[in-house]
Amino acid sequence: MYTTDDRGVLNNYAAEPNVYYAEYPSEDQQQRYLFQGAVAVLFVSLLVLTAFGVS
């Protein structure tokens with residue numbers, strides 16, 4: 001989509017995507033998110049403990 005003013009200057013506009021509501025995660029997805037969060041907490045904890053151990 002674009003417009004042209006009286007001097008011939010073009011203004012280009014990006015195409016806007018359709019808006020939609022997100023769906024609530026299923027029980028299986030919630031379990032995967034919980035597992036991923038637990039793994040992330042474990043990983044960050046190990047990184048912090050390693051940093052303290054090295055210093």
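Q: What makes up the accessible surface of the chain?
A: That surface comes to about 5,800 Å², and 63% of it belongs to carbon and sulfur atoms. Such areas come from the Shrake-Rupley method with a 1.4 Å probe, and for residues only the protein chains shown count as cover. One thing to keep in mind: this is a predicted model, where local features need pLDDT of at least 70 and side-chain atom pairs count only at pLDDT 80 or more, while totals for chains, interfaces and linings use all residues. Residues are numbered from 1 along each chain as its sequence is written, and side-chain values use heavy atoms, leaving out hydrogens and water.

Q: Why is Leu49 called exposed?
A: Leu49 has a relative accessible area of 58%, and exposed means over 50% (buried is under 20%, partly exposed lies in between, with a 1.4 Å probe and protein chains only). So Leu49, in helix 1 (residues 27–54), counts as exposed. Ala15, in the loop between strand 2 (10–12) and helix 1, is exposed too, at 76%. Buried residues make up 0% of the 55 in the chain.

Q: What makes Phe43, Val44, Leu47, Val48, Leu49 and Phe52 a patch?
A: A patch takes residues with over 30% relative accessible area and no salt bridge, joining nonpolar side chains (Val, Leu, Ile, Met, Phe, Trp, Tyr) within 5 Å and like charges within 9 Å. These six form a nonpolar one on the surface, with about 630 Å² of accessible area together.

Q: How do you know that Asp28 forms a salt bridge with Arg32?
A: The closest N and O atoms of Asp28 and Arg32 are 3.4 Å apart, and a salt bridge needs a side-chain nitrogen of Lys or Arg within 4 Å of a carboxyl oxygen of Asp or Glu. So the pair qualifies. Both residues lie in helix 1, four residues apart, about one turn.

How values were computed. Helix = DSSP H or I, 4+ residues; strand = E, 2+ residues; numbered from the N terminus.
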